[in-house]
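Thank you all for coming. Please have a look at the sequence and the structure while I talk, and I will go slowly through a few places in it.

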Amino acid sequence: MAEQKNILITGGAGFIGSHVVRLFINQYPHYRIFNLDALTYAGNLENLKDLEGKPNYTFIKADITNQDKMHEVFSQHDITDVIHLAAESHVDRSIADPTAFIYTNVIGTVNLLNAARKQWEGNFDKHLFYHVSTDEVYGSLDDGGYFLESTSYDPQSPYSASKASSDHFVRAYANTYKLRTVISNCSNNYGPNQFPEKLIPLCIHNIKHNKPLPIYGKGENVRDWLYVVDHARAIDVVFHQGKDGETYNIGGFNEWKNIDIVRLLCKVMDKKLGRAEGSSEQLITYVKDRAGHDLRYAIDATKIMEELGWKPSLQFEEGLEKTVDWYLQNEEWLEHVTSGTYQDYYQKQYN
Ligand code: NAD
Ligand code: TYD
């Protein structure tokens, strides 16, 4: 008989979390999935509409900074495993105000580790704490080289410093208390349901509405992009096959300069919107650079590919087109998230 698990997925109403929750609900009907999310500006239950009413799905609205609540959730639902994604995730917000990043990303993670430790005491070998992290903890690369699992941490933004700190706590709990843990560090994700403060959905939204496309600095910074469903597939593989205490880098060997991505997006959208070729490129506007802007991220994903047999399923151009189609077909979703508090943030960031 298939093994029963009660898996707590944190941050499941966010971008990546919603794809992970969907994959686990559909692929593993014998697991009970508890999606715990505080529903901050980035959390949106509309991302999971198709899962409402599924018998193996429960949503819990809670804040991971609340230690007592975390203990209660673990004991009430007899949580057997954790996939931890809840985080403050946007670098620009972390520059504007780092404090929330320390509360959620550092203290929130430690609260979950404490709750897991208490609940699983004496039985650690039967339970897994999977911490989802980012390649940004490794810092910034020049033109050459890749981030390996053995690369030293060198975080450069308040966001990456808070994620690096949370990774260190996870490893410290594994070493000190013998909690079974695994960590993955992934490159930039793109795809449906990403909040339009991040580069790709922001540009899709602005191209559609003929608004300026803000390119920080010269647009020469390089990011390594992975389709979000491929990240969710990797998380599935690491959760089920990853070795205790190990780290896995996840990425698609897919580096792009920001300006090249935005030009490609303009081209794809000109076609989809029936605009004259080259017209959306006129919207490109160079703006003040991000403070301390990391130059290049590039993941060496050989370990997860060779040891766990994972590889990305989509080419970038195909994934980008799927993403554009999703945003064009889900105008209501975009309208809902671009109203209210997001508008206030947008005004502050770009005006
Ligand atoms: P997101 O901002 O879209 O979603 C974060 C989710 O966490 C939201 O649903 C939000 O409501 C929830 N949340 C925030 N604070 C909370 C709190 N205190 N308590 C409970 N829930 C809270 O983020 P994302 O892009 O989906 O990223 C998910 C995870 O993956 C993060 O840990 C991030 O560091 C990591 N990651 C992201 C990327 C990327 O490109 N987006 C790449 C690598 C790793
Ligand atoms: P972002 O999507 O915020 O992800 P991250 O900072 O985690 O890599 O940004 C991706 C790249 O795009 C990054 O180099 C910053 C740049 N960028 C812009 O040029 N303009 C923008 O408006 C945004 C949001 C990002």
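An oxygen atom of ligand 1 is 2.5 Å from an N or O atom in the side chain of Asp 37, and that is a polar contact, meaning a pair of N or O atoms within 3.5 Å, where within protein one must be able to donate a hydrogen and the other to accept it, and residues adjacent in sequence count only if both atoms are side-chain atoms. Lys 163 also has a polar side-chain atom 2.6 Å from an oxygen atom of ligand 1, while Gly 14 takes part through a backbone N or O atom, which lies 3.0 Å from an oxygen atom of the ligand.

Before I go on, please keep in mind that this is a predicted model, in which local features need pLDDT of at least 70 and side-chain atom pairs count only at pLDDT 80 or more, whereas totals for chains, interfaces and linings use all residues. Residues are numbered from 1 along each chain as its sequence is written, chains are lettered from A and ligands numbered from 1 in the order in which they are written, and side-chain values use heavy atoms, with hydrogens and water left out.

How much of the accessible area of ligand 1 does the protein cover? Of the 840 Å² that ligand 1 has on its own, the protein covers 96%, with areas taken from the Shrake-Rupley method with a 1.4 Å probe, and for residues only the protein chains shown count as cover. There are 28 residues around the ligand, and Ile 16, Asp 37, Ser 89, Tyr 159 and Lys 163 come nearest; a residue is near if one of its heavy atoms lies within 4 Å. Strand E5 gives the most to this shell, with three residues, where helices (H or I, at least four residues) and strands (E, at least two) are DSSP runs numbered from the N terminus.

Let me turn to the strands. Strand E6, residues 181–186, and E10 pair in the parallel sense over four bridges, and two strands pair if DSSP finds at least two bridges between them. In this pairing Asn 185 stands opposite Asn 249 in E10. Both faces of E10 are covered, since Thr 247 and Asn 249 on one side and Tyr 248 and Ile 250 on the other are all buried, that is, under 20% relative accessible area, with exposed over 50% and partly exposed in between, for a 1.4 Å probe and protein chains only.

Next come the aromatic rings. A search of the whole structure finds 18 aromatic pairs, where rings of Phe, Tyr and Trp (its six-membered ring) pair if their centres lie within 6.5 Å, and planes under 30 degrees apart count as stacked, over 60 as edge-to-face and the rest as tilted. Tyr 28 and Tyr 31 form a stacked pair, 4.9 Å centre to centre with 20 degrees between the planes; Tyr 28 is buried at 14% relative accessible area, and Tyr 31 is buried at 4%. Tyr 146 and Phe 253, by contrast, are edge-to-face, 6.1 Å centre to centre and 70 degrees between the planes. Tyr 146 lies in the loop between E5 and H5 and Phe 253 in the loop between E10 and strand E11, so the pair ties together parts that are 107 residues apart in sequence.
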